[in-house]
Amino acid sequence: MRPVQDPSQAVEGLLTRAVQMLNANDMAGAENCLDRVLLLAPSQPVALYLKGVVHFVREEWASAEQLFHRALELSPGQPRVAEHLAKAALNLASSLSRAGRGDQAQTVLTAALARLEIGRA
C-alpha cells in the first residue's frame with residue numbers, strides 16, 4: 001500500500017512539473033498538471049496564472065484574461081499577473097475590433113482596467 005501524499009506536496013510537485021512542461025513548450029502536458037492542481041486546490045493562484053499562460057500562448061485571449069483576473073483577485077499586487085492580464089485583454093479587444101465588434105472590445109478594455117485597479121490592492 002502506498003502512503004498518502006500530503007496534498008500540498010502534490011500541488012508543489014505538479015506546479016514544478018507544469019513549469020518544466022511550459023519551458024519545453026508542452027502546453028497540453030502543462031495544462032494537464034495544472035488541471036490536477038486545481039482539482040486539489042481550486043484557488044491556487046500560481047496554477048491559475050500558469051494556466052492563463054497556457055491559454056495566452058494558444059492565443060485563447062478570453063480564457064487567458066479570465067484566468068489572469070482570477071489569479072490577481074486571489075493574489076493582488078502581482079506585477080507579472082497584471083501585465084499578462086493587460087496583454088490578454090488588449091489582444092482580445094483587438095480581435096473583437098477586427099471582427100467588427102468594437103462595442104465588445106471597449107467593454108473588455110474597460111473591465112480589464114477595473115480589474116487592474118483591483119489587483120493593485
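Me: Hi! What should I know before I start?
Reply: This is a predicted model, where local features need pLDDT of at least 70, side-chain atom pairs count only at pLDDT 80 or more, and totals for chains, interfaces and linings use all residues. Residues are numbered from 1 along each chain as its sequence is written, and side-chain values use heavy atoms, with hydrogens and water left out.

Me: Thanks. Is H3 mostly covered or uncovered?
Reply: Mostly covered: ten of its 13 residues are buried. Buried means under 20% relative accessible area, with exposed over 50% and partly exposed in between (1.4 Å probe, protein chains only). Helices here are DSSP runs of H or I with at least four residues, numbered from the N terminus.

Me: What covers those buried residues?
Reply: The cover includes helix H1 (7–23), helix H2 (27–40), H4 and helix H5 (79–98).

Me: And what caps the N-terminal end of H3?
Reply: Gln44 does, with a side-chain oxygen 2.8 Å from the backbone nitrogen of Val46. After H3 comes Glu59, whose phi is positive, near 60 degrees.

Me: New topic: how many aromatic pairs are there in the whole structure?
Reply: A search finds three. Rings of Phe, Tyr and Trp (its six-membered ring) pair if their centres lie within 6.5 Å; planes under 30 degrees apart count as stacked, over 60 as edge-to-face and the rest as tilted.

Me: How are the rings of Phe56 and Trp61 arranged?
Reply: They are edge-to-face, because their planes are at 75 degrees, with centres 5.1 Å apart.

Me: What about Phe56 and Phe68?
Reply: That pair is tilted, since the planes are at 55 degrees; the ring centres are 6.4 Å apart. It links distant parts of the chain, with Phe56 in helix H3 and Phe68 in helix H4, twelve residues apart.

Me: Is Phe68 buried or exposed?
Reply: Buried, as its relative accessible area is 0%. Phe56 counts as buried too, at 19%.

Me: Which residues do the ring pairs link into a cluster?
Reply: Tyr49, Phe56, Trp61 and Phe68.

Me: Where does His84 sit, and what does its side chain join?
Reply: His84 is in helix H5, and a polar contact of 3.3 Å joins its side chain to that of Tyr49. A polar contact is a pair of N or O atoms within 3.5 Å; within protein, one must be able to donate a hydrogen and the other to accept it, and residues adjacent in sequence count only if both atoms are side-chain atoms.

Notes
Helix = DSSP H or I, 4+ residues; strand = E, 2+ residues; numbered from the N terminus. Contact = heavy atoms within 4.5 Å.
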